[in-house]
Amino acid sequence: ENLPPQTLTQIIYKSQFKVPLVTMSAARIEYSEKYADECNEYRHVILPKELSKNLPKSRLLTEAEWRGIGVQQSRGWQHYAIHRPESHILLFRRPLGTDPQSGHVDPELQRCAREEYKHQLGLLRK
């Protein structure tokens, strides 16, 4: 119980075992492979249904909120859409060329990522 204050406010206790439900559920979060278009890379995150029950259904989550429930990914990702039929699936995107450590777009990384995307589509030859 030496958890940071922000974690303490996020924890829901499973009454029978007194084990943080967020911690137990975070281990069961599933992450898709990344996929991309010419502007962004995307991924989806599948939350255990018991973890998603208390999330807001009508608005996007802030980075602090999705990290607070145990979603772990590099910097620069933004929760950009709600998949209404399955609200336990979070949809994320970030601009191509985002530095995963800073979360900022690096123009050179962006140029390379866009060229790679075009190459994969057969629009560019190496």
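# Close-up views of a predicted model

**Figure 1. The largest nonpolar core.** Twelve residues make up the largest nonpolar core, namely Ile 29, Val 45, Leu 47, Leu 51, Leu 55, Leu 61, Trp 66, Ile 69, Val 71, Trp 77, Leu 90 and Phe 92. As with every view that follows, the structure shown is a predicted model. In soluble globular proteins, nonpolar side chains tend to be buried together. Val 45, one of the core residues, is in contact with Ile 29, Val 71, Leu 90 and Phe 92, and also with Glu 30, Tyr 31, Gln 73, His 88 and Ile 89, when its neighbours within four places in sequence are left aside.

**Figure 2. The chain as a whole.** Five helices and seven strands make up the secondary structure of the chain, and from the N terminus on the elements follow the order α-β-β-α-β-β-β-α-α-β-β-α. The chain has 126 residues, of which 29% count as buried, and it exposes about 8600 Å², with carbon and sulfur atoms supplying 51% of that area. When contacts between residues at least 6 apart in sequence are considered, 44% of them join residues at least 24 apart.

Figure 3. Strand β5, which spans residues 40-46, is mostly covered, with five of its seven residues buried. Strand β3 (residues 30-31) pairs with β5 in the antiparallel sense over two bridges, and Glu 30 stands opposite Ile 46 of β5. Strand β4 (residues 35-36) also runs antiparallel to β5 and is joined to it by two bridges, with Ala 36 placed opposite Glu 41.

Figure 4. Strand β7 covers residues 89-95 and is joined to β5 by seven bridges, the two strands running antiparallel. Along this pairing, Ile 46 stands opposite Ile 89, while Tyr 42 has Arg 93 as its bridge partner. Strand β7 is also joined to β6 by four bridges, again in the antiparallel sense, and here the bridge partner of Ile 82 is Leu 90. A hairpin is formed by β6 and β7, with six residues between them. Because five of its seven residues are buried, β7 is largely enclosed by the rest of the structure.

**Figure 5. Gln 73 in its loop.** Gln 73 is found in the loop between helix α4 (63-68) and strand β6 (78-82). Its relative accessibility is 10%, which is under the 20% limit, and Gln 73 therefore counts as buried. With its neighbours within four places in sequence left aside, Gln 73 is in contact with Arg 43, Val 45, Trp 66, Arg 67 and Phe 92; among these residues, Val 45, Trp 66 and Phe 92 belong to the largest nonpolar core.

**Figure 6. The largest cavity and its lining.** A search of the whole structure finds one cavity of 30 Å³ or more, and about 90 Å³ of space lies in the largest cavity. Its lining is made up of 13 residues, and those closest to its centre are Pro 56, His 79, Ile 82, Ser 87 and Leu 90. Strands β6 and β7 are the elements that give two or more residues to this lining, and β6 gives the most, with three residues. Rolling a probe the size of a water molecule over the atoms shows where empty space is left.

Figure 7. Tyr 117 is found in helix α5, which spans residues 107-120. Although Tyr 117 and Ala 36 are 81 residues apart in sequence, their C-alpha atoms are 7.5 Å apart in space. Not counting residues up to four places away in sequence, Tyr 117 touches Ala 36, Asp 37 and Glu 38. Cys 112 counts as partly exposed because its relative accessibility is 38%, a value that lies between the limits of 20% and 50%.

Methods. Residues numbered from 1 in each chain as written. Predicted model: local features only at pLDDT ≥ 70, side-chain atom pairs only at ≥ 80, totals over all residues. Heavy atoms only, no water. Core = buried A, V, L, I, M, F, W, Y, C linked by side-chain atoms within 4.5 Å. Buried < 20%, exposed > 50% of the residue type's maximum accessible area, 1.4 Å probe, protein only. Contact = heavy atoms within 4.5 Å. Areas by Shrake-Rupley, 256 points an atom, 1.4 Å probe, with all protein chains shown as cover. Pairing = 2+ DSSP bridges. 1 Å grid on protein atoms, 1.4 Å probe; cavity = no way out; pocket = protein on both sides within 12 Å on 5 of 7 lines; lining within 4 Å. Points joined across faces, edges and corners; volume = space filled by probe spheres on them.
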